[in-house]
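Subject: Structure for your review

Dear colleague,

Please find below the structure I am handing over to you. My notes on it come after the sequence and coordinates.

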Amino acid sequence: MTGKEQFKFKRIAEMTGREMFCVAKLRIDTFVTEQKITDPELDDDDLIAIQVYLLNDDESAAQAVCRLFKEDGKWMLGRVAVAQKARGQHLGTKMLSQVHEYLQNKGVNRLYCHAQMQAKPFYDYLGYQAQGEVFTEAGVKHIMMYYDL
C-alpha cells in the first residue's frame, strides 16, 4: 500500500460482482470465521448502505471495509474490518478519515457506531465519544459511540 489509498464509496447496485464478493468475503472472514459471530453477516441495511472499501492491487481481495447508512435520521458506521494480512498499516484510520471527509462534504455533522468493546480504544484514538451503557449485540459487547464531524 502506498499511503495514498483511495477508498471507494458505492452502493451495492453500483458495485461489480467482484467488488461485492471481496467486501462480503472480508466481512465473513472477520466477523464469522475470526470472531465466531453467528448472526447473518449481510442484512437489509446493506441494501441501503454505502459500502466503503479498498481492494488489493489485483482486485482479488478487500483490504479494509465498512458501511454507512441512515437509521432513524442518524448516520451510522458499521461492519468496520481490516484484513488480517493488512493490519498494522493504519488502513482503518485512513478509511475512517476518508469516511469523515465524505460525510462532511455531504453536510453531515455527526456519525454514530455500535463499537465492539475490543475496538473501543481504536475509536477513542480517532476522537469518538462513548454514549450510554454497554450492550450486547450478536453476542458481543458493544457501546454506542459518536464522532462530531
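The notes below cover the pockets, the nonpolar cores and the salt bridges.

This is a predicted model, in which local features need pLDDT of at least 70 and side-chain atom pairs count only at pLDDT 80 or more, while totals for chains, interfaces and linings use all residues. Residues are numbered from 1 along each chain as its sequence is written, and side-chain values use heavy atoms, with hydrogens and water left out.

Pockets

The largest pocket holds about 960 Å³ of space. A pocket here is an open set of points on a 1 Å grid over the protein atoms alone, where a 1.4 Å probe fits, with protein on both sides within 12 Å along at least five of seven lines; lining residues have an atom within 4 Å of a point. Grid points are joined across faces, edges and corners, and a volume is the space filled by probe spheres set on the points. The largest pocket is lined by 39 residues, and F31, R79, V80, Q116 and Y123 are the closest to its centre. At least two lining residues come from each of α1 (17-34), β3 (62-71), β4 (74-82), α3 (91-105), β5 (110-116) and α4 (120-126); helices (H or I, at least four residues) and strands (E, at least two) are DSSP runs, numbered from the N terminus. Strand β4 makes the largest contribution to this lining, with seven residues. By class, the lining comprises 17 nonpolar, twelve polar and ten charged residues, where Ala, Val, Leu, Ile, Met, Phe, Trp, Tyr, Cys and Pro count as nonpolar, Asp, Glu, Lys and Arg as charged, and the others, Gly among them, as polar.

The second largest pocket holds about 350 Å³. Its lining has 16 residues, with K25, L26, D29, A83 and Q84 nearest the centre. Two or more of the lining residues come from each of α1 and β3, and α1 gives the most, with eight.

Nonpolar cores

A nonpolar core is a set of buried Ala, Val, Leu, Ile, Met, Phe, Trp, Tyr and Cys residues joined through side-chain atoms within 4.5 Å. Buried means under 20% relative accessible area, exposed over 50%, and partly exposed in between (1.4 Å probe, protein chains only). The largest core has 41 residues, and V52, L68, L77, V99, L111, Y123 and Y128 have the most contacts inside it. Helix α1 supplies the largest share of this core, six residues. Leaving aside residues up to four places away in sequence, Y123 touches L77, V80, L96, C113, A115, Y128 and M145 (contact means heavy atoms within 4.5 Å). A second, separate core of six residues includes A49, F69, Y112 and Y146.

Salt bridges

There are 15 salt bridges in the structure, each a side-chain nitrogen of Lys or Arg within 4 Å of a carboxyl oxygen of Asp or Glu. R67 pairs with D45 (3.9 Å, N to O). D45 lies in helix α2 (residues 45-48) and R67 in strand β3, so this bridge ties together parts 22 residues apart in sequence. R67 also pairs with D46 (3.1 Å, N to O). R67 is buried, at 2% relative accessible area, as is D46 at 3%, whereas D45 is partly exposed at 23%. A network of salt bridges links R27, E41, D43, D45, D46, R67 and R79.

D148 and R110 form a further bridge, their closest N and O atoms being 2.6 Å apart. D148 belongs to strand β7 and R110 to strand β5, so the pair ties together parts that are 38 residues apart in sequence. Both are partly exposed, D148 at 43% and R110 at 29%.

Yours sincerely
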